[in-house]
Amino acid sequence: MVRATPEYLAARTSMMSLRAQALEQSMMASQTYYAAPQQPQQPQPVVANKASAKDLKPEAFTKPYLEFMTENPTVFHAVGYFKEKLEKAGYKELHSRDSWSGKIQPGGKYYTTRNGSSIIAWAVGKAYKPGNGLAMVAGHIDALTARLKPTSTKPTHDGYVQLGVAQYAGALNSTWWDRDLSIGGRVIVKDPETGKTSSKLVKLDWPIARIPTLAPHFGIGMTGHNNQETEMTPIIGLDNSDLGSSSTTSSEQPLGGKNSFVSTQPPKLVKLIASQLKIEDYSSILNWELELYDSQPAQVGGIDKEFIFAGRIDDKLCSWAAFMALLHARDDEDSGVIKLVALFDDEEIGSLLRQGARGNFLPITIERTVEALVANTNTLYQNAFIGGTGLGPGLMGQTYANSFLVSSDVTHAAHPNFTQTNLSGHSPRLNVGVALCVDASAHMTTDSVSMAILDRVAELSGCVNQRHMIRNDSRSGGTVGPMLSSAMGVKAADVGIPQLSMHSIRATTGSLDPGLGVKFYKGFLDEWEKVDGEWRA
């Protein structure tokens, strides 16, 4: 088993310049995700489903990850991106309102969504039999943000047009000062001709908002306990029409008519969003969920381009890596398990909503899948199912007992300037590999059994597993792992890709870390069945 020894890390560091050169080449040439064979290179398919995780090249995933981060700033855009990738890879969408009977079979690939902000995708092994388990990776795709209030129009102050926003989780902290902010999200639109209602995605490709600091000359600190309601209100434009007038109201009149949704929003913003979506009738906008986001593109940095600087790394890092791993998972003829990736919304605020991990989205998706597979397997199971005994505690209990969950969320990298927060032997480094996260108070699911299982996965996949544990004088964060593991009764471990500046509007990870995450998660999906067999009598 490969370990992150000092000798190994020193050797890996000495290779960074060579890796940077390889990264430079991969960002300028067509991408190849696996080690090149001894023959002329051909364009690689999206899903190289016969390759081993050992052959995967982490640096080839850097550019695709940067593009994903820049082009998909909101949770709705992220789900749209994953849906597009899945469709191209041959996955079929299953709608929750429809019956799944007769639609799922061994060897099939499927996905489903909830609220447009959570997504689950899975591939059924060709040799699947009822009662077999699942190799699962679960994480979240929501990030700290500032969302527009239901009534976002605010009075104009000294010529500034401002926007009413509310913090999601711990946003509007001091890192949000003086950032170039844009707006994106989903808009609910009613077609005036058909009467049909639909959801449309929108994002602006330039910054339109800013939360300005106060100059230090005034003696008011900008990193203390500033009032998030009155002192962190974004400016989005200018309106000096009140000069020379007794009126203090804006010259822009509300749109859409009395009591309409758009009448509660800044008129210029309504016109801008409508123009982006080619909407002529403003009143057809029934509502929206828009948010501010840092508009600076994700990019590599550092002397050897060994860093990634980006917004929303927590957690569009582990989630992207897990989904890429599913798309690149092996498609073995003798595979008898279901390979699944679930990405949830609302983790940063407790996961309590129906699209969160505490909801029934994952368990009900698994149960409906097993139900459909049982009904399709053979006459014996089908008759039992029709009689009411085919799918129940017995079969689902067996399924969950044969399953394993990797709870995936970013974790804290060792910090160079606050070394007092690092725990010797338990603070992972960038560009080395994922970290198995342990917490003595069970904020994480990892135990001795799950650590041994995932170390074996790393051995088979050519990965390095680091360790992360918080100091006794620090506070641990939480993940979706404990709530999902306890709800289903599955074995589990928490795994994270290291990053700096968690919950800052802009954070840092290693330029190889997205690819190293793909490598590990692919290794887990590919090797779990083999490793599980080594634990059976």
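Is Leu56 buried or exposed? I'm working from a predicted model here, and in it Leu56 has 4% relative accessibility. The cut-off for buried is under 20%, so Leu56 counts as buried.

Next I looked up where Leu56 sits along the chain. I found Leu56 in the loop between α2 (16–28) and α3 (62–71). I also checked Leu56 against Val518: the two are 462 residues apart in sequence, yet their C-alpha atoms lie 8.6 Å apart in space.

Then on to the sheet. I get an open sheet of 6 strands, with antiparallel pairing, and I read the order as β8-β7-β10-β5-β6-β9. At the edges I have β8 (197–203) and β9 (235–238), each of which pairs on one side only. From one strand to the next, I note an average twist of 25 degrees.

I zoomed in on one pair of strands. β5 (residues 145–153) and β6 (residues 160–168) run antiparallel and are joined by 5 bridges. I picked Leu148 to follow across, and its bridge partner in β6 is Val165.

I then turned to α5 (residues 267–276), which lies across β5, β6, β7, β8, β9 and β10. For the angle between α5 and β10, I wrote down about 95 degrees.

Conventions: Residues numbered from 1 in each chain as written. Predicted model: local features only at pLDDT ≥ 70, side-chain atom pairs only at ≥ 80, totals over all residues. Heavy atoms only, no water. Helix = DSSP H or I, 4+ residues; strand = E, 2+ residues; numbered from the N terminus. Buried < 20%, exposed > 50% of the residue type's maximum accessible area, 1.4 Å probe, protein only. Pairing = 2+ DSSP bridges. Axes fitted to C-alpha atoms, helices over the stretch in contact; angles between N-to-C directions. Contact = heavy atoms within 4.5 Å.
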